[in-house]
Amino acid sequence: MKKNLIIGSGPTGIGVALGLENDCLVLESSKNVGGFSTSIEIDGAVFDYGGHSFHTPHPEVRDLVFSSLDMYEQKRDARCLIENQLIPYPFQKSFRHIENPKIVEECSEGLENLANNGKPVNFEEFIESRFGEGISKHFMLPYNRKLWGRDLKRLATDWTSQRVASPEGVKEKFDKEGGERKPLQGNTMVGYPAKGGFGSIWDTLGKKIENIELGTTVTSIDPKKKVVYTAQGKTFEFENLVSSMPINNLLDLIQGAPEILKIKARELDNLSLKLGLIVIDHPVDTDIQRIYSSEGHIAPHKTAVNHNSSDYLRSLPRHGIMMEISEGPEKLLQRKDTERWILDNLLEMKLIKSESEVLKIAIHNAKYAYPVPTHNRNQIVNEIQEWLNEMGIYSIGRFGQWAYINSDEALHRGLVLGRSLAGK
């Protein structure tokens, strides 16, 4: 029996295992490590789920990654699409690049006439009070409504300092030594594996794990006997159990879990995505890495030109473009012919000149993509974690804590928990 049992070998699970110095056994349902941060290849093109790059405020995490494999760094080149024009990211700092003078004037006047109505109590109020009427109307509100597919009043504001860049005139930068994430800027330096996709980071770190059972799906957990049961017929005993699966799913697997906690867990909200993975039969002729769009006739809110992530990917004969199309209960997509819609958008964004350049379009569904930062999610998660921890069960990670974090933060939290369980 291993004292420490870990469910999931994404960035969080890998971090826990490394923090425990391999005094553990890891169970992973898929055939490879990495979770949602893995990469796949389709007809010679490399894709990352969700479009990833490496940037972290944790020096220790950076040192671990950069010392484990060769990494490539470059300045982030992201754009915002508005009225068929690409301007530098973020919109709120770059709106003066817009050719339409009326939009520029409205955005400028909105910033000059910001109303101080006290502390905003929801995300919609935050946007309006932070950026004014013009920027809110022309990008920030429609973009976030398109992304989240929900009434923005349902979203809290405690995550915005790490994700939402300040407006024009406010100096800020992404801090690599701050310990807390800051919003990405137009000139942020980002990293990526020098060879392969983003998943190469987790493949490399995963090789440091000595005890891992791939293709092993947990079906039930007995917290009193401290036993995990799997679909493959194997059972595993534990003293400490660490899970990075969605915390609501974890509760459903635990025998005797309080029904009241299960009911509360169902209130946790998550955003699902359709991922359009487009194989281009030649290298793309743009250096842009990301395009953000608030317009409803453009299917994705974010488009990642994945092969601009490194010189190695640029050198490949076929390139991949990834489109994130979010799905939400209050979002009505303008079209149902997704593949044709993607082709039309590629042409409009000038990422291709002819649809004959597209070799293949694959649509993948990601149920758990973004945890929705609703007002009550911290309270719900804390209550569930308090009950779990009493039995030596720890839920951690993006959906284990229902926290809007990236892979670097997931890795860091895993390292911290692992060391804590090891008594360090």
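How far apart are the mean positions of the positive and negative charges of the chain?

**Figure 1. Overall view of the predicted chain.** The mean positions of the 52 positive and 57 negative charges lie 2 Å apart. Lys and Arg count as positive and Asp and Glu as negative, while His and the chain ends are not counted; each charge is placed at NZ of Lys, CZ of Arg, CG of Asp or CD of Glu. The C-alpha trace spans about 70 × 55 × 45 Å along its principal axes. The fold contains 13 helices and 19 strands, taken as DSSP runs (helices H or I, at least four residues; strands E, at least two) numbered from the N terminus. Of the 424 residues, 58% count as buried (buried is under 20% relative accessible area, exposed over 50%, partly exposed in between; 1.4 Å probe, protein chains only).

This is a predicted model, in which local features need pLDDT of at least 70 and side-chain atom pairs count only at pLDDT 80 or more, whereas totals for chains, interfaces and linings use all residues. Residues are numbered from 1 along each chain as its sequence is written, and side-chain values use heavy atoms, with hydrogens and water left out.

**Figure 2. The largest nonpolar core.** This core has 45 residues; a nonpolar core is a set of buried Ala, Val, Leu, Ile, Met, Phe, Trp, Tyr and Cys residues joined through side-chain atoms within 4.5 Å. Elements that each supply at least two of its residues include β4 (45-48), α4 (101-112) and β18 (358-371). The largest share, eleven residues, comes from α5. F91, F95, I98, F123, I127, I135 and W148 have the most contacts inside the core.

**Figure 3. Surroundings of F95.** Leaving aside residues up to four places away in sequence, F95 touches I87, V104, C107, S108, L111, I135 and E168, where contact means heavy atoms within 4.5 Å.

Figure 4. P90 sits in the loop between β7 (85-88) and α3 (91-94). Most peptide bonds are trans.

**Figure 5. Positive phi at E83 and W402.** Most residues other than glycine have a negative phi. Phi of E83 is near 50°, and that of W402 is about 50°. E83 belongs to the loop between β6 and β7 and counts as partly exposed because its relative accessibility is 48%. W402 lies in the loop between β19 (393-395) and α13 (407-421) and is buried, with a relative accessible area of 1%.
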